[in-house]
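Please examine the protein shown here.

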Amino acid sequence: MSKRGRGFVLGCEEDDGDAQTGETGVTELAQNVEDLRGTLKTNMDQEMEPGLDQVLNKDPGLDQVLNQDPGLDSGDSVDLEDLEDYERRIVVGICAMTKKSRSKPMVQILERLCRFDFIQVTVFPEDVILEQPPENWPLCDVLVSFHSKGFPLDKAVEYSKLRNPLLINDLDMQYYIQDRREVYRILQEEGIDLPRYAVLNRDPDHPEECNLVEGEDHVEVNGEIFQKPFVEKPVCAEDHNVYIYYPTSAGGGSQRLFRKIGSRSSVYSPESSVRKTGSYIYEEFMPTDGTDVKVYTVGPDYAHAEARKSPALDGKVERDSEGKEVRYPVMLTAMEKLVARKVCLAFKQTVCGFDLLRANGHSFVCDVNGFSFVKNSMKYYDDCAKVLGNLVMRELAPQLHLPWSLPMESEDIPIVPTTSGTMMELRCVIAIIRHGDRTPKQKMKMEVRHPLFFELFEKYGGYKSGKLKLKKPKQLQEVLDIARLLLVELGQHTDCEIEEKKSKLEQLKTVLEMYGHFSGINRKVQLTYLRTGKPQASSGEEDCHKEGPSLLLVLKWGGELTPAGRVQAEELGRAFRCMYPGGQGDYAGFPGCGLLRLHSTYRHDLKIYASDEGRVQMTAAAFAKGLLALEGELTPILVQMVKSANMNGLLDSDCLSDSQNRVKTRLHEILQQDQDFGPDHYQKLAPTQSPSLVNSMNLVQNPVKTCDEVHSLIQSLTSQIRQRLETPTAQNLQLYHSESLELMLQRWSKLERDFRMKSGRYDISKIPDIYDCIKYDSQHNASLGLDQTQDLFRLSRALADIVIPQEYGISKEEKLDIAQTYCVPLMKKIQLDLQRTHEDEAVNKLHPLYSRGVMSPGRHVRTRLYFTSESHVHSLLNMFRYGGLLNEEQDAQWKQAMEYLSAVPELNYMTQIVIMLYEDNNKDPSSEERFHVELHFSPGVRGCESESAPQGFGFRPASSENKDKRPDQGSLEDLSQDQPDQALLMSEPISIQRRSPMVRNRKTGSMEVLSECAQSKGGPLRLFSSGSRQSPEFKPNPGLGFEGCSMVPSIFPLETLHNSLSLKQVDEFLHRVCKTQDQDHNRTNAVLMESPAHLRASSEAYLQQFLHSFGGVPSSGPSSPVHESLASSFSFSQ
């Protein structure tokens, strides 16, 4: 490369090295300089910001040379030493479109670059670039040129070959950057991690001729299969219309990304089919928890990184007061710095931006943008100018004999996280939350023996574990096809066994044909292998019973999250903000958003986990929407924020334990006795003497007679519904959540048939289903005005209050045993969460050196949210109650907490168990008092009628003694002066202004998308209860709903169970209960290894006995743990 000096700066060609000394030479030289300056000044006056104009016209050296003597004219001579002093300058040419060359970042950097003594900047005017040939462009030593819309890259390449300047960014490589295929090829060749991808090249003349096969939930590109969610990118990097396709299990549809328009960067579309024209890259979607990282290099040894909200999350661009997108600098790991170096060198772009995805503990490059500057970072502007100036001087100063040496500076400054002063610092929030309000769950069981079912069972690997769960649309379609085929065959046969199945097959077909398509997680089929067939339920079935293996088919439907459940989750998410530092503040117009301040500055490490049930996943997504003030549909939030795959039994359970089978059998026997409860029954059924259980038994008195009454009330209800169906207006009557009267009648008619068995006895396992349905109809369909629904609600609730909690154990030992089978993996994960108080490199950390207005950039709060079903909540609560965390006799606060929990009759929707970890920085790090743990609990949603509920003890009752020290809780956080984040110890409820959530969001166009609106009249929604110390007796507590949501009950505030636990106490407790379960499991494994055949036989015999005692397989109750949850070692990827 040529390294020009002297006359080049003045805009004239070099000669053979001999300077002209005559009068004519000086005159021509002066005229050339004036012409050059005039041209530049004219263009700059017209096109450039004043700041850039000042940069380009602040050249004192030139003025001194040409104007050193007021009397000097063109005929006079000039001191050549002065000219030589001026000529020893390096000219940096900026060749780009005006929009780029006059941008704020460019002006800021050029101002700083001109502070180098021997560097001068020349900006190429846009009209010269577009209209003049390259040989007429200004001359320079160093060329900064980059492609953007409308830029003639070919001319820039021609100019580079003609003038041979030092290139900051290679021009030829910029052609590759415009093609995503080439970008990915180069990244792959350099060994840089990128998402799994495939390229689909289409012939524009024959777009249908391509290697693309599209399925319901996947695409196959050139033989490579991509399951949804996947990303579809145009191969042209200038095309920003990137689509993300979501699986039907999450609601389907797609998120359509585009170049920012106003405050939008993407929009959700119900369209699920991929584009049929054009060439695309298809790649695996990487879950990044809603965050993108943009990396900006300035040479191979410098990289600046910023995190922003992912445009795919809700499509809303967060902007600051100046209208710029809100971004926060984050720290790169050592591996990511190496990736930045590789990208910079591989693409030969000194100044280069690229996109980084942090997912599953790894970092992936998904795009390379070429020349890019950071916006609104003075520190970056300083660094960028310094790096570029030193690079230019290092390359050219030696050849021009310019005095310069590379300044020695330390590259990495040790970062020490700041603390929050004497007050305890919130370090970790862990919450286990039950899903929100749902439609009634329904279930149908049938024994199948047709070979087609066995083929399906084998096709999807059912023989590996003896059971199979089918949820995907393709799988459910196969089951429906088999049912249709068998129904056709049944029309030609009169066989006893087949005729007995006909009604079941018709119901299977009807349920699978509901809604007209398979969308969302609202139906599933489970198949269980029975080696000797299903045991006969009664002697009347003896002739039809057939020996040999069979499959038990269980069809489940319903159980979808309702709009009310979505509102509950969103409102609870908003209320949860107040637990965080600055929860009383106001951020971006939202109340109680100290958390949003924390989260938006990347000091909040958030992970959300959910079981595989659709209602649980959608609850988690709705909660995240409220927690983080997101907008739009839940599907993009679900896909990006909620982790539900490969849980290793963390939140899902698929089978009953032996202990639970025994408990259910005993419970079934006790409730089948036609006599009033006596002392023996109370001892057998309520050995823990729980007040809620005892009260329910007092109300029931005789379980069989109560069941008779319940069955009679169900018959009355179905009769009333049939009568309503005969009215002329019945067809137009729409019940809640688009249910019809016919579907409501089907729901209740099935319960009427199934509750009383052929033997005349009652199927106790149906009691939770009955209570489930009447609770739903009492809350959502009360406008029907059906008679005696309150009587049915009262009696079924009393029975359910006996059955449901006791299914998880009757005695303390049984409760603990069953709880261990359910939630040991979850408790091990909680233990890990509490132990990991140090920061993880995979977390997006705020970079302290670049973070202005944030006084505690090194501080992080870890939040782990676990959304699950009723079974895990019951089990986890039983572990805390009966696992020996504290001694009731020695700890008065724990005793009060246990009395309160015993008085809670039901763990309703949105039940919460919350663990909060604090650090007292004034205590010795080795002291037990250094870390402080609090345990809180809420029984969830209030009932749909004015019911009795236990009165808790409030939030942090012990702090009521320090009222004088309590800060003002009504003050707003002044976000213009970021205070050290502090956790406040409060005895009064923390409140946020409640907003009515039932106003339709016009922007989304969805009829079921609920948005925030005006302030409610009913006062604030409280997350924490006031500090009452009353006894845990039942007291009236009206079930007021959220303002504007007549069918959305409010949620009980959190009550403190204990507020002075040490981390050591909690850690030892978790270790002990998990170790006990592991030891039991190891002993079981040892016995199984010694006599597997005997145990398998006895286990199956017990299962057959259990099934027979229930008249078949129980059709309700909690989901149960998979065998993996019994694993002696727990490995779960953080």
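The points that follow are grouped by topic.

This is a predicted model, in which local features need pLDDT of at least 70 and side-chain atom pairs count only at pLDDT 80 or more, while totals for chains, interfaces and linings use all residues. Residues are numbered from 1 along each chain as its sequence is written, and side-chain values use heavy atoms, with hydrogens and water left out.

**Whole protein**
- The protein has 31 helices and 37 strands (DSSP runs, H or I of at least four residues for helices and E of at least two for strands, numbered from the N terminus).
- Of its 1134 residues, 56% count as buried, meaning under 20% relative accessible area with a 1.4 Å probe, protein chains only.

**Helices α16 and α18**
- The axes of α16 (residues 563-576) and α18 (residues 614-627) come within 7 Å and cross at roughly 40°; axes are lines fitted to C-alpha atoms over the stretch in contact, and angles run from 0 to 180 degrees between N-to-C directions.
- The two helices, α16 and α18, are therefore oblique to each other, since angles under 35 degrees count as roughly parallel, over 145 as roughly antiparallel, 65 to 115 as roughly perpendicular and the rest as oblique.
- Among the residues that make the contact are R566 and F576 of α16 and T619 and L627 of α18; contact means heavy atoms within 4.5 Å.

**Strands β11 and β12**
- Strand β11 (residues 254-261) and strand β12 (residues 264-269) run antiparallel and are joined by five bridges; strands pair if DSSP finds at least two bridges between them.
- Q255 has Y268 in β12 as its bridge partner.
- The strands β11 and β12 form a hairpin with two residues between them, and G262 in the turn has a positive phi of about 65°.

Key. Buried < 20%, exposed > 50% of the residue type's maximum accessible area, 1.4 Å probe, protein only.
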